[in-house]
Amino acid sequence: MNYLSIENITKSYGDKVLFEDLSFGINKDQKIAFVAKNGAGKTTLLNIIADLESPDSGEIIFRKGLRIAYLSQNGVLDESLTIEQTIFNSDNETLKVIEQYEHALKNPEDADAYQKAFDLMEHNHAWDFETQYKQILFKLKLEDLDKKIGELSGGQKKRLSLAVILLNKPDLFILDEPTNHLDLEMIEWLEKYLIKEKVTLFMVTHDRYFLERVCNEIIELDHGKLFRYKGNYSYFLQKKEERIVLEKVTVDKAKNLFKKELDWMRRQPKARTTKSKSRIDDFYVIEEKAHQRRQDHKVQLEINMERLGSKILELNYISKSFGENNLFQDFDYVFKRGERIGIIGKNGTGKSTFLNIITGALKVDSGKVIIGETVKFGYYTQSGIFIKEGQKVIEVIKEFGEYIPLTKGRKISAGQLLEKFLFDRKKQYDFVEKLSGGELKRLFLCTVLIQNPNFLILDEPTNDLDIVTLQVLEDFLLDFPGNLLVVSHDRYFMDKIVDHLFIFEGDGKISGFPGNYSDYRVYEDSKPSSGKEINKKEDTRKADPTKGELSYQEKREFGKLEKDIANLEKKKELIENQFNNNEIEPDKINETSLELEKITNGLEQKEERWLELSMKME
């Protein structure tokens, strides 16, 4: 079933043509990735499909009644609403039923309202959807439903936009860099969700493992032409390489033929026959093919960086916390020359803080950071680069350096470095304000590298970079002879670049692992099952064999359990706070302790029963 057809669309801004006469279609159940260099118009194309921009020419034909949801990089949310209000502010009727039910649970004294909400859940078969709704919010760390949008970080807003789109269940998902602002655990969950769910999607992503596992088709825009690959990322790489080899063979043949025909053209008499005129026309076609040049660049640099001494960087039992949030405690590590370390962990565990401490932007609470005298940091931050108005690309980079010294007395100039990172000579004299978000990131990387550091620190360098640029960056970093410390949620990038990991586990703990990310996942998956998982299996055996179905009474019990658990948790928290704040009179401590024990036991029993019923609903 065809969802939409894109027919001969063209888009340009001034004299810059992004794309011309593009045509393709999107069918039901396709999971398509759109691949192109930064600045080629990927986001613009998504905006056109989402009807936020118009093409200069051509048209898009949509199937009647098609429901589209668009996850953009700059989504706008109403900052006066709460998370819960934002989620329920949709056209999804099932979500409205769940909203009524959630409200009834918060007001248990109104028995009639609860019964009405319960009956609506039953009538609309909303129980499974409610379970999925709660799972999505839990996985995306959006559990404080009363928090206002204006109080959220940029990453939390992006995750909320993603949750809203997933819960609205449109016919077609349009996703622009869906893995940005997600930690590794969230990315792997979203990956599994999109693989399992029967969805149709068209997306731009730089996450190559995500692309490999989720997509079943790739559309590439390369030098103004579209190429379709019916397969995943590995298939795309294989077929693209074959296409490039074939192009090279064709160009080489055309060059040889061009030499022969050029010789013939020079020897031709002035009188032209019909036959010779046809051959002349063919000559110009051959000439065009023979002068084709691919703009892909391979980085093969022997960088002559400043020598690193025996002492690189020592972290002596460093600790850092903000209020009650303990990020890391007594972490001790001595860096060796040439180490390539990746940092992984959930959002909010202190990864960027750790980098800022190393570079001196933040102070430790205790411990020491000792930096070797020969160390020269190059620090790529998430905040980007400050650009002066009216500056050109080449002027920006020359403020930081004119060249990088190479071995044997050679050097690479600022302009040559920009070329290697896909800024051609014409682009280098563009004004910076004309650059796309991904191109700005690329320029920032170049300003860090031109300073010729011997210890590179990169905080999420892969965000907003296209796959072509990522390959260039990877080649550069593989040639880089100094130390490397990188935070990234791009698993493919980490696997290729680092050989040791720091895992930020939360609650002040950082552990080390000798290997890359895939090695770490294999190690984690090989661990024995936890006791919690064993209990889960036992619960499954107790459950009714008719999995996925609850009786009428069980559904009522399930709803009541949620209400009871919420009430008991509030009572438990209240008493624990009284103990913590010394608010209990001495003669009532024993009595209050018994009450807390009773509440805790009751809570455990109800949670076990809730788990048993929820297992039947899966």
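**Close-up 1. Salt bridges across the predicted model.** Counting salt bridges in this predicted model gives 27. One of them joins Lys346 and Glu185, with their closest N and O atoms 3.5 Å apart. These two come from distant parts of the chain, 161 residues apart: Lys346 sits in the loop between strand E12 (340–345) and helix H11 (351–358), while Glu185 belongs to helix H7 (residues 184–196). Lys346 counts as partly exposed because its relative accessibility is 37%, between the 20% and 50% cut-offs. Glu185 is partly exposed too, at 41%.

**Close-up 2. A buried pair, Glu474 and Arg208.** Here the side chains of Glu474 and Arg208 meet in a salt bridge, 2.4 Å from N to O. Glu474 is part of helix H16 (residues 467–479) and Arg208 is part of helix H8 (residues 208–214), so the pair ties together parts that lie 266 residues apart in sequence. Are the two partners buried or exposed? Both Glu474 and Arg208 are buried.

**Close-up 3. Arg243 meets Asp222.** In this view, a salt bridge forms between Arg243 and Asp222, whose closest N and O atoms are 3.4 Å apart.

**Close-up 4. A salt-bridge network.** Which residues take part in this network? Salt bridges link Glu191, Asp207, Arg213 and Arg491 together. Side chains of opposite charge can pair when their charged atoms come close.

**Close-up 5. A negative patch on the surface.** Five residues to look for here are Glu569, Glu573, Glu604, Glu607 and Glu608, which gather in a surface patch of negative charge. Helix H20 (552–580) and helix H21 (589–617) each bring at least two residues to the patch. H21 gives the largest share, with 3 residues. Glu608 lies in H21, and Glu608 counts as exposed because its relative accessible area is 56%, over the 50% cut-off.

**Close-up 6. Helix H5 from end to end.** Helix H5 covers residues 127–139, 13 residues in total. After H5 comes Lys141, with a positive phi near 55°.

Note on methods: Residues numbered from 1 in each chain as written. Predicted model: local features only at pLDDT ≥ 70, side-chain atom pairs only at ≥ 80, totals over all residues. Heavy atoms only, no water. Patch = residues over 30% accessible without salt bridge, like charges linked within 9 Å, V, L, I, M, F, W, Y side chains within 5 Å. Areas by Shrake-Rupley, 256 points an atom, 1.4 Å probe, with all protein chains shown as cover. Salt bridge = Lys/Arg side-chain N within 4 Å of Asp/Glu carboxyl O. Lys, Arg positive; Asp, Glu negative; His and termini not counted. Charge placed at Lys NZ, Arg CZ, Asp CG, Glu CD. Helix = DSSP H or I, 4+ residues; strand = E, 2+ residues; numbered from the N terminus. Buried < 20%, exposed > 50% of the residue type's maximum accessible area, 1.4 Å probe, protein only. Expected span 1.5 Å × (residues − 1).
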